[in-house]
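Let's take a walk through this structure together.

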Amino acid sequence: MDKDKEALVVCSDKSMGIGITIWDMDTGDHLLHIPTCASPSHGLVCLRKQFLVASQIHKHGSVGGGAIFTWALNKPQSPLRSYPAEAIGSLSCTKDGLYLAGGALSGNAYFWEIANGRLLKTWHAHHKSLNCLLFSNDDSLLISGSDDGMICVWSVISLLDTEDSGSLHSLLHYSSEHKSCITGLLTTSGSSISVLVSSSLDGTCKVWDFVSGRLIQTQVYPLAITAIAFHPEVQFLFCGSVDGRIFVNKLDVGLLEEQFVVEEAQPVVLNGHNGAITALTFSESGLISASEDCTICMWDVVNGVIIRRFNHGKGAVTNMTVIPQSSLLSISKNQRVSNQFHVSLLEKFPQPANSFKGTLNLLSLGHSSEEKQTSLDFQSTDSLQQHISDLEKKRTPAAMQVKVETCIENRMWATRMTKHVMEMNKHLQSRLLDLMECRLFWSTQIDSPTSKKRKR
C-alpha cells in the first residue's frame, strides 16, 4: 500500500457483532474488519493515527456498561477494554494524543491522561445528555454540547489542575442560544478571531467567536441539521439534514468580525442520500457523507456529483473517520523505541499513584529478526514497587538501575507536561489580546453613527 493512500473507517451502533469496517478510498476495496464494536454518534476517535478509541453501545440502543475499547491499528484483533464509572457516549482527544475527554448520558464529563490512564477530573458539565465534545485547534479549550442546546467552553489548563475539584473554575463561558439538541461542533480560524460553528436539530447553524463567546452569525435552514463539516481552503460549510440533503454555504471567516445578523440561508444542495445524514468529514479526495440509508458517499463538490458510493448493509453508519493506510501496517523494526506511544486502561475513579495499570504498547525493539507488533502488557505498579524494594534490600546493581530509570521516566514526563502547559499559556495570552482588540473594536463601532446601519 502506498504511504499517501487513505482509508475510510466506519462503524454502526446497531450491534456489537457489526464491528468496524475499513475501506480503501481509491479503489473501494475492503481492507479490514474489526469485530465487537457498536459506537454511538461522536463515539469514535483516531488517536495519533495509531489507535482507534470507541465508546460502546448495547444493541437495544441504550449506551450501557460504560465500556471504551481501544485498538492498535497495526494489530486491531485484541482491544484494550476500559470500564468507566458510567456509560460514555461522545469522545474527543487532543491533537497530540495526550488527553481524552468523554461525555455521559447523565451530563457528566470525564478527562483522562491517555499514557497512564489516569482520570484527571470528572464533573457535572450539563443537565442533559452530553452529545458532542471537541478540543480547540490548539488544545487549550474543550467545547461541549448537550441535548438541551447548551454549549460550554472549558479551560484545559484548569482541567489539568487536579487539586481544583470545582467545575465552575474551568468554565470560561456558555450559551443557550440553540433551542434543541446540539448535533455538531467544529472550529476554524479567521484573520484575527477563532471561530466555533455549532449545529442543532432546531434547524440552525451558529457561528461564534469562542474566545469571547459572542454570537456572530446564525444560518437558518428549513430542516433539522444532523451533521456539519467545514473546508477551510474554500471556506464552505456543509450541513447535513434530517432528510438526507446536504446544504452548502459560503462561510467567509475573515469577514465575520463585522457581522451580527441572522441570515436566511440560500445554499447549494447536494442530493444523494435517502435517509438522515449521520456524519460528514473531509479527505484528500473531497467531502464524505454517511447516512441512515446505510451508504457512504464520496463527493465531487464542485460539480455536485458522487464519485464513489460505499454500501454498509449491516446498519446505519454512526461514526466515520479517515486514516492513512500506512497506519494499518506492522511497525517497522527500524523504528526507535523512543517513538513508541503508550495507551493505558482508563481509570474508573481517581486513584492514588500506586494502582493497577494495563498498557497497550507499540513495540519496535529491532533486535529480533522478526518485526515486533503491538502487544498487551499488563503491569501492576504495586508489584513493581515491591520488586524494587526487595532489590534495594539486597543492594544489587539491578536495583539501582531500575531506580535510576524510574526517576528519569518521571522527569521526562514532568518536562513534557511543563512544555504542554507553557504552549497552552502562549495560546491563551494570544486569545486574551484578540479579545481586548475585539472589545476596543466594538466599543468604537457602537459609538459610530453608522453602526446601526450594519445590523439587519
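Which residues line the second largest cavity? They are Leu47, Val53, Thr70, Leu100, Ile114, Val343 and Leu346. Before going on, a word on the ground rules. This is a predicted model, so to speak of local features takes a pLDDT of at least 70 and side-chain atom pairs count only at pLDDT 80 or more, while totals for chains, interfaces and linings use all residues. Residues are numbered from 1 along each chain as its sequence is written, and side-chain values use heavy atoms, with hydrogens and water left out.

**Empty spaces inside**

Rolling a probe the size of a water molecule over the atoms shows where empty space is left. Here a cavity is a set of points, on a 1 Å grid over the protein atoms alone, where a 1.4 Å probe fits but cannot get out; lining residues have an atom within 4 Å of a point. Grid points are joined across faces, edges and corners, and a volume is the space filled by probe spheres set on the points. Counting those of 30 Å³ or more gives 2 cavities.

The table sets them side by side. For the classes, Ala, Val, Leu, Ile, Met, Phe, Trp, Tyr, Cys and Pro count as nonpolar, Asp, Glu, Lys and Arg as charged, and the others, Gly among them, as polar.

| Cavity | Volume | Lining by class |
|---|---|---|
| Largest cavity | about 70 Å³ | 6 nonpolar, 3 polar and 1 charged residues |
| Second largest cavity | about 40 Å³ | 6 nonpolar, 1 polar and no charged residues |

The largest cavity is lined by Ile151, Val153, His173, Tyr174, Ser175, Leu196, Trp208, Asp209, Phe210 and Gly213. Two or more of its lining residues come from each of strand S14 (151-155), strand S15 (171-175) and strand S18 (204-209). S15 gives the most, with 3 residues. As for these labels, strands (E, at least two residues) and helices (H or I, at least four) are DSSP runs, numbered from the N terminus.

A pair of aromatic rings is described by the distance of the centres and the angle of the planes. Rings of Phe, Tyr and Trp (its six-membered ring) pair if their centres lie within 6.5 Å; planes under 30 degrees apart count as stacked, over 60 as edge-to-face and the rest as tilted.

Phe69 and Trp71 are both buried, where buried means under 20% relative accessible area, exposed over 50%, and partly exposed in between (1.4 Å probe, protein chains only).

Trp123 and Trp154 make another edge-to-face pair, 5.4 Å centre to centre with 65° between the planes. This pair links distant parts of the chain, with Trp123 in strand S11 (residues 119-124) and Trp154 in strand S14, 31 residues apart. Trp123 is buried at a relative accessible area of 5%, and Trp154 is buried too, at 2%. Elsewhere, ring pairs link Tyr99, Phe111 and Phe135 into a cluster.

Some rings also have a charge over them, meaning that NZ of Lys or CZ of Arg is within 6 Å of the ring centre and within 35 degrees of the ring normal. Arg81 lies over the face of Phe69, 4.6 Å from the ring centre. Lys250 does likewise over Phe236, at 5.2 Å.

Most residues other than glycine have a negative phi, and most peptide bonds are trans. What about Thr36, which is not a glycine? Thr36 has a positive phi of about 60°. It sits in the loop between strand S3 (30-34) and strand S4 (44-47), partly exposed at 28% relative accessible area. Arg48 also isn't a glycine, and has a positive phi of about 55°. Its place is the loop between S4 and strand S5 (51-55), and Arg48 is partly exposed at 36%.

Gly184, in strand S16 (residues 182-189), is buried at 3% relative accessible area. Gly184 and Thr226 are 42 residues apart in sequence and 7.2 Å apart in space, C-alpha to C-alpha. Lys95 is in the loop between strand S8 (88-93) and strand S9 (99-104), and is partly exposed at 49%. Its C-alpha atom is 7.9 Å from that of Asp138, 43 residues apart along the chain.

Technical notes: 1 Å grid on protein atoms, 1.4 Å probe; cavity = no way out; pocket = protein on both sides within 12 Å on 5 of 7 lines; lining within 4 Å.
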